[in-house]
Amino acid sequence: QVQLVESGGGLVQAGGSLRLSCAASGGTFSNYAMGWFRQAPGKEREFVAVISWRGGWSYYTDSVKGRFTISRDNAKNTVYLQMNSLKPEDTAVYYCAADNRLRRDGMDYWGKGTLVTVSS
């Protein structure tokens, strides 16, 4: 059983940056592809980014390409989401997820989320 704990959310002005972190425990971190998802108020949860087991491959939803970067440090059992040029529409609860398979939905393990609020 993998436990995931997100951190790094907060309030930022439009155009600013934040870096989210997700610390994993309870499993062999390098066995899991890692993803970030988000859920805005009144909307369904959506895929943001995913990274492969050793970090050699990543994929992003179109709305964040060129602004967000997913990365991982397997020595620290941590995955990151660097968010630049933030927009008010990026406001959401951001969730970290893990799965043995590289996928963009239906991941097995989830954190509880961290809130990101972008003011205009």
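Glu-6 is found in strand S1 (residues 3-7); strands are DSSP runs of E with at least two residues, numbered from the N terminus. The model is predicted, so local features need pLDDT of at least 70 and side-chain atom pairs count only at pLDDT 80 or more, while totals for chains, interfaces and linings use all residues. Residues are numbered from 1 along each chain as its sequence is written, and side-chain values use heavy atoms, with hydrogens and water left out.

**Glu-6**

- Glu-6 is buried yet has no salt bridge. Buried means under 20% relative accessible area, exposed over 50% and partly exposed in between, with a 1.4 Å probe and protein chains only. A salt bridge is a side-chain nitrogen of Lys or Arg within 4 Å of a carboxyl oxygen of Asp or Glu.
- The nearest side chain of opposite charge to Glu-6 is Arg-45, 8.0 Å away. For charge, Lys and Arg count as positive and Asp and Glu as negative, with His and the chain ends not counted.
- The side chain of Glu-6 reaches two backbone nitrogens: that of Lys-112 at 3.1 Å, and that of Gly-113, which lies 2.9 Å from a polar atom of the side chain.

**Salt bridges**

- The count comes to seven salt bridges.
- Arg-38 forms a salt bridge with Glu-46, with the closest N and O atoms 2.6 Å apart. Glu-46 counts as partly exposed because its relative accessibility is 33%, whereas Arg-38 is buried, with a relative accessible area of 5%.
- Arg-38 also forms a salt bridge with Asp-90, where the closest N and O atoms are 2.9 Å apart. This pair links distant parts of the chain, with Arg-38 in strand S4 and Asp-90 in the loop between S8 and S9, 52 residues apart. Both Arg-38 and Asp-90 are buried.
- Arg-101 and Asp-108 meet through their side chains in a salt bridge (3.4 Å, N to O). Arg-101 is partly exposed, with a relative accessible area of 43%, and Asp-108 counts as partly exposed at 41% relative accessibility.
- Salt bridges that share partners join Arg-38, Glu-46, Arg-67 and Asp-90 into one network.

**Nonpolar cores**

- The largest nonpolar core has 30 residues. A nonpolar core is a set of buried Ala, Val, Leu, Ile, Met, Phe, Trp, Tyr and Cys residues joined through side-chain atoms within 4.5 Å.
- The residues with the most contacts inside the largest core are Leu-4, Met-34, Trp-36, Val-79, Leu-81, Met-83 and Tyr-94.
- Two or more residues of this core come from each of strands S3 (18-25), S4 (33-39), S5 (46-51), S7 (68-73), S8 (78-83), S9 (92-99) and S11 (114-119).
- A second, separate core has five residues, including Phe-37, Phe-47, Ala-97 and Met-107.

**Surface patch and Trp-57**

- Trp-53, Trp-57 and Leu-102 form a nonpolar patch on the surface, with about 280 Å² of accessible area together. Such a patch is made of residues with over 30% relative accessible area and no salt bridge, with nonpolar side chains (Val, Leu, Ile, Met, Phe, Trp, Tyr) joined within 5 Å. Accessible areas come from the Shrake-Rupley method with a 1.4 Å probe.
- Trp-57 lies in the loop between S5 and strand S6 (58-60), and counts as partly exposed because its relative accessibility is 43%.
- The C-alpha atoms of Trp-57 and Cys-22 are separated by 18 Å, and the two residues are 35 residues apart along the chain.

Key: Helices (H or I, at least four residues) and strands (E, at least two) are DSSP runs, numbered from the N terminus. Patches are made of residues with over 30% relative accessible area and no salt bridge: like charges are joined within 9 Å, nonpolar side chains (Val, Leu, Ile, Met, Phe, Trp, Tyr) within 5 Å. A polar contact is a pair of N or O atoms within 3.5 Å; within protein, one must be able to donate a hydrogen and the other to accept it, and residues adjacent in sequence count only if both atoms are side-chain atoms.
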